[in-house]
Amino acid sequence: MKKFKIKGSENYPEFLTIINEDSDKILVLLEKNNGYGIESREEIMSKQLFESCLRTNYLTEMISA
């Protein structure tokens, strides 16, 4: 699974993990530290929106060690 850091507040980082890919849609898990714990939810987004987020550096892929 690929994991991405979402551009935003450094104090409360948010991450996106790809769970499943279809021909034109992506199922993702969004995880955010809200200061009290981890808040997570699943969302469906279009591949077009995902690719746009990559091009604009709104999403940055995290490299696992």
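Start at Lys 3, which lies over the face of Phe 15, 5.1 Å from the ring centre. The criterion for a charge over a ring is NZ of Lys or CZ of Arg within 6 Å of the ring centre and within 35 degrees of the ring normal.

A note on the model before moving on. This is a predicted model, in which local features need pLDDT of at least 70 and side-chain atom pairs count only at pLDDT 80 or more, while totals for chains, interfaces and linings use all residues. Residues are numbered from 1 along each chain as its sequence is written, and side-chain values use heavy atoms, with hydrogens and water left out.

Next, select Phe 4 and Phe 50. The structure holds 1 aromatic pair. Phe 4 and Phe 50 form this pair, edge-to-face, at 5.3 Å centre to centre and 80 degrees between the planes. Phe 4 lies in strand β1 and Phe 50 in helix α1, so the pair ties together parts 46 residues apart in sequence. (Rings of Phe, Tyr and Trp, the last by its six-membered ring, pair if their centres lie within 6.5 Å; planes under 30 degrees apart are stacked, over 60 edge-to-face, the rest tilted. Helices are DSSP runs of H or I with at least four residues, strands runs of E with at least two, numbered from the N terminus.)

Check burial here. Phe 4 is buried at 3% relative accessible area, and Phe 50 is buried at 7%. (Buried means under 20%, exposed over 50%, partly exposed in between, with a 1.4 Å probe and protein chains only.)

Now select the largest nonpolar core: Phe 4, Ile 6, Leu 16, Ile 18, Ile 26, Val 28, Leu 30, Met 45, Phe 50, Cys 53 and Leu 59, 11 residues in all. β1 (3-6), β2 (14-21), β3 (25-33) and α1 (47-55) each supply at least two of its residues. β3 gives the most, with 3. (Such a core joins buried Ala, Val, Leu, Ile, Met, Phe, Trp, Tyr and Cys residues through side-chain atoms within 4.5 Å.)

Stay on β3. It is joined to the antiparallel strand β4 (residues 38-46) by 9 bridges. (Strands pair if DSSP finds at least two bridges between them.) Leu 30 stands opposite Arg 41 in β4. At the hairpin, with 4 residues between the strands, Gly 35 takes a positive phi near 95 degrees.

Finish on Leu 54, in helix α1. Leu 54 is partly exposed, at 33% relative accessible area. Not counting residues up to four places away in sequence, Leu 54 touches Phe 4 and Leu 59. (Contact means heavy atoms within 4.5 Å.) The C-alpha atoms of Leu 54 and Phe 4 are 9.5 Å apart, across 50 residues of chain.
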